[in-house]
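Here's a quick briefing to read with the model open beside you. Take a look at the structure first, then work through the points below.

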Amino acid sequence: MEQVFGNVALACGLIIALGAIGACIGISLMGGKYLEASARQPELMNELQVKMFILAGLIDAAFIIGTGIAVWFAISTFLK
Amino acid sequence: MSTGHEAATNAPNAGEYVLHHLGNLNSSGHPQTTMVDFSIINYDTVFFSVVLGALGLFFLWRVARRATSGVPGRAQAALEILIEMVGNQAKAIVHNEQSRKFVAPLALTVFVWVFLMNSMDFLPVDLLPFLWQTITGNPHAYLRVVPTADLNGTLGLSVGVLLLCFFYNIKIKGLGGWIHELFTAPFGNHPLLYLPNFVMQIIEFTAKTVSHGMRLFGNMYAGELLFLLIALMGMAFPSMSPLGGSLLWIGHLITGTLWALFHIFIVVLQAFIFMMLTLVYLGQAHESH
């Protein structure tokens, strides 16, 4: 059983870590583009900001769902 | 696993504490063990969502009744900003004057309702469960206060949006037109492509609905879990040395405050995204290929 718990712990770490890498790269690409775009056309800033927040929420979603599932695995196995 | 917490004699360990907090007050009396069980009703989710919905409606109604064309009060000004924001988004996404009379207020209701349900996360995680356990006299009573951290709640909302999508598809395109679209979009009108088209449409509707509900649920569930883990950090102090324990206790105050502040952002953002996706999906139902 300890072996299984250890594997589950590793899996949870991987789920969270890989999801976090993806979400961070996505957010940073989008944030960078947003800053570039609003430096080029400052009058579009407010309009773009709303869209950026929506996309930030969409990008975050997969990572957050992964984190939720990983923590659920954790508390139903080795944290129990 | 089934032992609760708050028992004075033996404190629960970390897993028991978290698991107990993730158990719903449902019609079976103990946490759900299977993934899918339609015979169980989560009373707490139903109760809190209905009460919060009624509260939101009452607040909006009261402000609307007192609305004046003179100098607006603070509540009226805030609501005007909100309604204008939702109205602009609806105008940009749903290009149909007639349906907008229903869709725009729907989006406003969804936003306010989801925001209020998400906001239950700001209450201390143990406050309402502890009150409930005191009232019922059962130290192991279950209660979850965030309706959107329950998958049933969020999927209920997204299935409601799906049904409205069906309704508008049929209303705008006619039943025949919609069935025609189901079999001819997205690949094209050819007898060989009818089946792939239909399968793609089914996948599209399923993916839209599931991701719509799962996105809100995942955010709120992860947020709730983090609040629980932070609370655990504060609870650990009796079992440790005075110095380590007090450091942990201070740490739980700091991290709890920081996460609560960040969570304000998530709560508003997720309510906004849920509203936007509702509008986008209903807008798609108005577009013919």
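In chain B, the axes of helix H3 (residues 74–93) and helix H8 (242–286) come within 9 Å of each other and cross at roughly 30°. That angle makes H3(B) roughly parallel to H8(B). Keep in mind that this is a predicted model: local features need pLDDT of at least 70, side-chain atom pairs count only at pLDDT 80 or more, and totals for chains, interfaces and linings use all residues. As for names, residues are numbered from 1 along each chain as its sequence is written, while chains are lettered from A and ligands numbered from 1 in the order in which they are written.

**Helices side by side in chain B**

- Two packed helices are described by the angle between their axes and the distance between the axes.
- Here, axes are lines fitted to C-alpha atoms, for helices over the stretch in contact, and angles run from 0 to 180 degrees between N-to-C directions.
- Angles under 35 degrees count as roughly parallel, over 145 as roughly antiparallel, 65 to 115 as roughly perpendicular and the rest as oblique.
- H3(B) and H8(B) make a right-handed crossing (left-handed if the near helix is turned anticlockwise from the far one by less than a right angle, right-handed if clockwise).
- On the H3(B) side you'll find B:Gln89, B:Ala90 and B:Ile93, and they meet B:Met276, B:Leu279, B:Val280 and B:Gly283 in H8(B); two residues are in contact if their C-beta atoms, placed from the backbone, lie within 7 Å.
- Sorted by class, this contact has five nonpolar, two polar and no charged residues (Ala, Val, Leu, Ile, Met, Phe, Trp, Tyr, Cys and Pro count as nonpolar, Asp, Glu, Lys and Arg as charged, and the others, Gly among them, as polar).
- H8(B) also packs with H7(B): their axes come within 9 Å and cross at roughly 170°, so these two helices are roughly antiparallel to each other.
- The contact of H7(B) with H8(B) holds 12 nonpolar, 10 polar and one charged residues.

**Chain B as a whole**

- Chain B has eight helices and zero strands; helices (H or I, at least four residues) and strands (E, at least two) are DSSP runs, numbered from the N terminus.
- Its C-alpha atoms fill a box of roughly 75 × 60 × 35 Å, taken along the principal axes.
- Of its 289 residues, 32% count as buried (buried if 20 or more other C-beta atoms lie within 10 Å of a residue's own, exposed if 12 or fewer, and partly exposed in between, with C-beta atoms placed from the backbone).
- Among contacts in chain B with a separation of 6 or more, 65% come from residues 24 or more positions apart.

**Spots to find in chain B**

- Helix H2 (residues 43–65) of chain B has 23 residues and reaches 32 Å from its first C-alpha to its last, close to the 33 Å expected at 1.5 Å a residue; the expected span is 1.5 Å times one less than the number of residues.
- B:Asp44, B:Thr45, B:Phe48, B:Ser49 and B:Leu52 are buried in H2(B), and their cover includes helix H4 (97–119) and H6 of chain B.
- Look for the cis peptide bond that joins B:Ala185 and B:Pro186, with omega about 0°.
- B:Pro186 sits in the loop between helix H6 (151–184) and H7 of chain B.
- Is B:Ile250 buried or exposed? B:Ile250 is exposed, because it has 12 other C-beta atoms within 10 Å.

**Where the two chains meet**

- The contact takes 16 residues from chain B and 13 residues from chain A.
- On the chain B side, the elements that give two or more residues are helix H1 (14–21), helix H7 (194–235) and helix H8 (242–286).
- H7(B) supplies the largest share of that side, seven residues.
- The chain B side divides into 11 nonpolar, four polar and one charged residues.
- From chain A, A:Val71 in helix H2 (residues 45–76) touches B:Ala222 and B:Leu225, not counting residues up to four places away in sequence.
- A:Val71 is buried, because 23 other C-beta atoms lie within 10 Å.
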